Amino acid sequence: MMRYVNNKYTAVFIAFTVVSALFCARYFSVFELLNGASYDLAMKYYPANQASEKIIVIEVDAEYLDNGDEIWLDLLEALLKSDAQALAFNVFPNNVSSEFYRLAGLSGKTVFGVHVASSDDIDNEISLPPVAHQHGLRYGLIAPPASDHGVIRKQHATVHVNRVSLPGFEKQITLLTENGFDLPNSDYLVNFIGNQHRIPKINIERILQGGLINELVSGRTVLIGINRHQWYSSYFTPVATSEKRTSEVMFHAFALDTLLSDRQITTIPDWIYLGLLMIVCISCLWVGQLLEFRNSLVLSLVAAVAILGGCWILLAQLSIWIAPTELLLTQWLSFVLVWGFRVNQEQRNLEQTLFAFPLNSREKSQSVSIYNSDEPWQLLISIINQTLNLNRLIFLERIPGDHRLKEISSMNCSMDDIIEKRRDYERVPYSIAIHENRPIRLERRYLKDNLTDEHQYMAPLMFAGEVLGFWVFSVDPDNIKSVSKFNSLTYSFMVQVSEILHYRHEWKKRIDNRSNKFWDFLRISGNEQIQKLNQSATLLDKKVYELQGIFNSITTSCVLYDLFGRTVMINKDMEELARAGDFRLFNRTLLEFMLDMTELDESSARNMIQRVVFDHESISIPVTHQSIHRSFMLYVLPLRNEDNQLHEHIPDQSQVFQISGILCELVDVTGLKRLYRLKEQMFERFCIQVSNDLSAINYCLPEDEQQTGDDMHNNTAMQTIQGKVNEMIQTLDQVNEHMTVDVEHMLTNDQLCYPVNGRHALLTAVDKVQDALNQREIKLNLKVSELISLVYASPLELEVVLQAVLLTMINDTYDADEISIVVKQDDHYLTYCIDNSGIGLSDNSMAKIRNEEKSKDSELLNLNYAMNCVHRWGGKLNIFSEMGEGSRAEIVLRCFLN
């Protein structure tokens, strides 16, 4: 544990130590390798904005070097005819005539590169081709660039020859262009940002064939270079990889573009860097004392990312390189030191409080687990006894380091009931069970006989080939309903118990190692009391998460309020319901919640809360929420404190404060209301039909009993009466048939066909597609009577089918046009006619619609599925369409009671 001197200058001491140490490390280049790697990464992974406008490269293969005027004179003439700002050759071509050098000298914008052995060797010699001496050529010196731990990052601005400092190749070209930039006099950092995409290239064959476009080279410096030189051909630069290094030509191109574009990388002075170190250190010390550890850590991570990002952006946008390593180390050393000091101080206070803390609460929060239980076998027996109907069972455990077994625990018997006394698992029947690795039925009895004719079994407890013990049990054959299922269950228990025992042994080994004082000393484990406190806190936290998990697993929507009406806990179902209904739960009191969810006025809601709080009464309120189109039953329940020992000091008259919270639970009753509504609609139609039939019977009967008619009239009246009676009987049969349908099955089975309200389904489907109509500004002309017959369809699917057809017609309709829906009814069928004036469906679309092999869509919104549904209900769905004329859809459904 770190110890610090507790005085008022601790922050000053930390800041001085950190800044001084890291600035000295920077002065002696301790972190040069890390800063170089950071520089390389920043160069490599910054995206290229655009190609360079100052340079274009012609990279020539080495075999072209000896081709003489055939290649090089033609190339030079072609380039001189263009508007190139300057021409640069990194070598002197071989076998060229004096005419080549004459043209180059007369142009005044051609520079040749002369290779020398070293940049600082005073004995360097300049060697020019004999034919080039008399033409006044411009040339720049090319020396091998210096390597920084194997990476080439800099280029020479000047090269020493015979004790004279001469311009390098790139600097000489830049001087020729007269851009007016301040050029370096010493080695400079090459800007590689953009990688190979930054430097445009052109093919030499294209130029020689007369395909040079003047706009490609206009205003640019053309660099012509051989890609392999006799001394060196490629470099390992910041943008190079192990598979592909940067060629010499491209290195010169990057260096030349750095000077021509004035993109030289500069570094800040040491005194500015020292100021940055001080700012970072002081900021970290300030934040570390203001915030908690988690927030301080998060902010430190954000600051670290900001430092890296700032260095990266400054390098790319302003060509300023700030080494990040010392800054990051300053930040994190300050963070560690300030928090080490805080933890040291808090540790002292915690130890003083901890010794007086009653650790008995840890025992109360101890969760039941086979790992930390002193009787793991009893727990296993308990779960087995609750799941399997066994007569007797015994667990045997292997003696460590031996092949013998010892009795551990038993149920409905004792250890003396074991007939086999050797307990050697290398012998029969143990060896047979190990070989089979499954529960086996014992041919010879292992346990003494009892009054029942039972079967005895033995199961090995093994994990990863290691024998942990054996499980011996007996069962009454009459209790085994299925032998295969019984074998499967016992095998599953055997496998899982073996795995649990293995991990419990491993857990005990770790616990034993932790309790070893020698290992505690090696790992500096700290105060034992603090570890126990941490275990208690962990167990309590686990309890809270378990309760939250249980609360979330409730299938109804629940929200828990405290006694003062503030939100304490909300389960996931309630959160989803709140999002769907667009109402807030947090920062809303119980009274506001009840007013939002119910139709109660404020006075009635207060009376309800009074009954819950003062009378400890549970209330229920029906709720129909319009925004989510669902119905609920709201239960408001008081949560009373049942722990008398904890609350015995509360007098009886203070019943209000004996409530720990108020639970509001929303139970979805939409399905039940939908069921009742379907029944009501069917009976409503039934009553209307019976009333009409009775009226017809009454019409056919004579009004005056004494008045007589001819026999023909009487026969007709009697036939009418008899026909209507028969129709009534058939109607009653149909109603009775549908009344006997299982209600729950009807609401959960989408294959069921049942009389439903076709008008209500249509209006609901129209309401769901209203947004699509509004977006396209399509008008809907709906003609449907108030009273139409019920139709045979699935209660769960009719609205979906109508919605699918409507969406198809909307998509086929012109904007700001009209869709007409007319509902017609005859004696036996109800027809939905939907017409539009639109584009029309293509033949390909119509073929897909009629494809009966198409699988059901997950959203039930395709016409193929709609056709299958209507066909299953005994109806028809026809789609008629003509390109440029529009479409027409007819849904024909069978009527109920007509």
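Guide: Let's start on the outward side of helix α2, where Leu-33, Leu-34 and Tyr-45 are exposed. Exposed means over 50% relative accessible area, buried means under 20%, and partly exposed lies in between, using a 1.4 Å probe on protein chains only. What you see is a predicted model, in which local features need pLDDT of at least 70 and side-chain atom pairs count only at pLDDT 80 or more, while totals for chains, interfaces and linings use all residues. Residues are numbered from 1 along each chain as its sequence is written, and side-chain values use heavy atoms, with hydrogens and water left out.

The buried residues of α2 are Asn-35, Gly-36, Tyr-39, Asp-40, Ala-42 and Met-43. These residues sit on the same side of α2 because they cover an arc of only 165° around the axis; the arc is that of the directions from the helix axis to the C-beta atoms. An α-helix has 3.6 residues a turn, so residues three or four places apart point the same way.

The helix itself spans residues 32-45, which makes 14 residues. From first C-alpha to last, α2 reaches 20 Å, close to the 20 Å expected at 1.5 Å a residue. The expected span is 1.5 Å times one less than the number of residues. Helices here are DSSP runs of H or I with at least four residues, and strands are runs of E with at least two, numbered from the N terminus.

What does the buried side meet? Leu-315 touches Tyr-39, Ala-42 and Met-43, and its other contacts include Ile-193, Ile-265 and Trp-321, leaving out residues up to four places away in sequence. Contact means heavy atoms within 4.5 Å.

Leu-315 also leads us to the largest nonpolar core, which has 61 residues; Val-57, Leu-223 and Leu-315 touch the most other members. A nonpolar core is a set of buried Ala, Val, Leu, Ile, Met, Phe, Trp, Tyr and Cys residues joined through side-chain atoms within 4.5 Å. Helix α8 (residues 248-260) gives the most to this core, with 9 residues. Another core lies apart from it, with 40 residues, among them Ala-793, Leu-802, Ala-866 and Val-870.

Ala-793 takes us to strand β26 (residues 790-793), which is covered on both faces: Leu-790 and Tyr-792 are buried on one side, and Val-791 and Ala-793 on the other. Strands of a sheet pair through backbone hydrogen bonds, either parallel or antiparallel. Two strands count as paired if DSSP finds at least two bridges between them. β26 runs antiparallel to strand β24 (residues 754-757), with 4 bridges, and there Pro-755 stands opposite Tyr-792. β26 also pairs antiparallel with strand β30 (residues 886-896) over 2 bridges, where Phe-896 is the bridge partner of Leu-790.

Strand β19 (residues 557-561) is another one to look at. 5 of its 5 residues are buried, so β19 is largely enclosed by the rest of the structure. Ser-557, Val-559 and Tyr-561 lie on one face, with Cys-558 and Leu-560 on the other. β19 pairs antiparallel with strand β23 (residues 659-668) over 5 bridges, and Leu-560 faces Leu-663 there.

Let's finish with two residues that make polar contacts. Such a contact is a pair of N or O atoms within 3.5 Å; within protein, one must be able to donate a hydrogen and the other to accept it, and residues adjacent in sequence count only if both atoms are side-chain atoms. Thr-246, in strand β11 (residues 246-247), counts as buried because its relative accessibility is 0%. Its side chain joins that of Thr-237 through a polar contact of 2.6 Å. Ser-82 is in the loop between α3 (72-80) and β2 (86-89), and its side chain reaches the backbone oxygen of Leu-79 at 2.5 Å. Ser-82 counts as buried because its relative accessibility is 7%.
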